[in-house]
Amino acid sequence: MAEPLRIALAGLGTVGTGVIRLLETNRDMVERRAGRAIEIVAVNARDRAKDRGVDLSPYFWVDDMQAMATRADVDVVVELVGGSDGPALTLARTALDAGKGFVTANKAMVAHHGMELAELAAIRNAPFAFEAAVAGGIPVVKGLREGTAANALTRIYGILNGTCNYILSEMERTGADFDTMLVAAQEKGFAEADPSFDIEGVDAAHKLAILAAIGFGTRIDFGAVHTEGITQVSATDIAQADALGYVVRLVGIATLDDREDGSHHLMQRVRPCLVPFRHPLAAVTGPTNAVVAEGDFSGRLLFQGAGAGDRPTASAVVADLIDFARGQAGAPFSVPVATLEKPIAGDPGEREGRDYIRFTVADRPGVLAEITAAMRDAGVSIESLIQRGRDHDGGEVQVAMVTHEGPERCVTQALALLDGSPSLTAPPLVMPILKD
Ligand SMILES: NC(=O)c1ccc[n+]([C@@H]2O[C@H](COP(=O)([O-])OP(=O)(O)OC[C@H]3O[C@@H](n4cnc5c(N)ncnc54)[C@H](OP(=O)(O)O)[C@@H]3O)[C@@H](O)[C@H]2O)c1
């Protein structure tokens with residue numbers, strides 16, 4: 001049997017200890033599949049004294065994380081620390097520069113610095129992989145990089161954040177409001193103490209930017225992702241959506257439009273959307289993730305599973321290590337980084353679709369007429385209009401409408417016409433209706 005693949009593990013939290021447990025539990029099977037043993041030779045975290053529920057005595061504790069990146073007895077550095085910059089990024093740069101393999105679960109770092117790291121990996125001929133950075137245990141990076149490699153993908157979309165999906169699907173199940181379900185998610189360990197990255201859509205945006213790059217062969221452009229979270233979604237919206245035949249999900253959607261003039265327009269958006277009951281994403285509940293890829297020959301593919309947690313995420317990390325052990329790392333973004341296209345950021349106004357729009361308005365005569373006039377003047381055609389939730393104090397009502405298919409630009413114009421109107425007591429919420 002070949003020499004073992006020797007790894008240094010930085011970060012011994014949820015995922016790091018999961019990797020240790022997996023390599024201990026499935027040691028023989030991993031070795032057989034990898035064709036060689038995968039051995040942890042060095043570990044590091046902040047607090048050496050902390051009880052992590054795993055036996056660290058077989059491994060050499062390194063006090064300085066960065067020193068692991070240049071050790072002669074290390075082939076691959078595994079970064080499970082987190083943070084887009086700081087020590088994780090320094091470790092990545094040092095390890096790749098030293099020609100070490102580098103595996104990470106850090107979506108924030110890959111979304112912000114993935115291009116630089118892939119370029120460094122190419123220069124040093126060092127393997128670089130991040131399956132665990134997107135959708136935890138779901139092998140979607142590999143699925144897009146390898147499984148759909150023969151297809152032109154036109155659309156990649158999905159439920160990329162388990163915290164938001166848990167909150168929205170529990171709001172749907174219980175009728176409770178957002179704040180109540182956020183607390184429940186925190187109590188169950190599905191949301192961090194500071195949940196802002198999740199509920200504001202940033203975490204999903206990191207993952208979407210990575211998937212778009214892999215699936216479309218384009219350079220990562222995280223700054224171009226239009227991101228909205230779920231904090232404005234009310235129990236009333238969920239009930240309205242249900243009455244209309246939809247569920248509400250936070251969906252990341254990337255579309256690539258290859259124009260006749262040869263230009264490529266990449267639209268990347270993370271938004272709460274209305275998903276038809278019959279769509280496979282409507283059945284995705286709780287902290288589950290799901291990614292849909294639409295290929296010209298493969299048709300619609302659905303990848304679904306646990307998007308987080310120690311075991312699923314460790315499964316993805318070790319899958320990358322097995323690839324490295326086999327000498328099958330491949331190009332991290334499916335094609336050599338130097339050949340990734342630089343697309344033009346898509347214009348959201350060009351989107352053709354139907355929208356759900358919810359207004360919170362003063363409960364007095366003439367308000368509905370004002371809203372419908374603004375819609376008419378901007379060229380928005382209304383398919384249905386529902387007024388619900390009359391406030392017993394006579395203060396506010398919620399008016400929801402669904403538009404006919406049309407350019408998003410018109411909806412934006414209509415809302416601009418209503419901007420500043422005393423009839424509107426809160427900013428309107430627009431949620432696109434996901435196309436089948
Ligand atoms: N948790 C998941 O389900 C999941 C899923 C997919 C991807 N990820 C990604 O995986 C990575 C790790 O996540 P996690 O949930 O395992 O995080 P975690 O439980 O907070 O663990 C982080 C580890 O990094 C160590 N660390 C933090 N700052 C450090 C520093 N300055 N120097 C040395 N060590 C430091 C911590 O040390 P101490 O323990 O000593 O404090 C801890 O062991 C993140 O990038 C995350 O986005 C996580």
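## Around the ligand

Let's start with the ligand and its neighbours: 23 residues surround it, and the closest are Leu 12, Val 15, Asp 47, Arg 52 and Gly 309. Please keep in mind that this is a predicted model.

What kinds of residues make up the shell around the ligand? The shell divides into 10 nonpolar, eight polar and five charged residues. As for its location, the ligand sits in the largest pocket.

## Polar contacts and cover

For Lys 50, an N or O atom of the side chain lies 3.0 Å from an oxygen atom of the ligand.

How much of the ligand's accessible area does the protein cover? On its own, the ligand has 900 Å² of accessible area, and the protein covers 77% of that.

## A look at Ile 38

Is Ile 38 buried or exposed? Its relative accessible area is 6%, and because buried means under 20%, Ile 38 counts as buried.

Ile 38 also pairs up in space with a residue from elsewhere in the sequence: Arg 6 is 32 residues away along the sequence, while the C-alpha atoms of Ile 38 and Arg 6 are 6.2 Å apart.

Methods
Residues numbered from 1 in each chain as written. Predicted model: local features only at pLDDT ≥ 70, side-chain atom pairs only at ≥ 80, totals over all residues. Heavy atoms only, no water. Near = heavy atom within 4 Å. Polar contact = N/O pair within 3.5 Å; in protein donor to acceptor, adjacent residues only side chain to side chain. Areas by Shrake-Rupley, 256 points an atom, 1.4 Å probe, with all protein chains shown as cover. 1 Å grid on protein atoms, 1.4 Å probe; cavity = no way out; pocket = protein on both sides within 12 Å on 5 of 7 lines; lining within 4 Å. Sits in = over half its atoms within 2 Å of the grid points. Nonpolar A, V, L, I, M, F, W, Y, C, P; charged D, E, K, R; others polar. Buried < 20%, exposed > 50% of the residue type's maximum accessible area, 1.4 Å probe, protein only.
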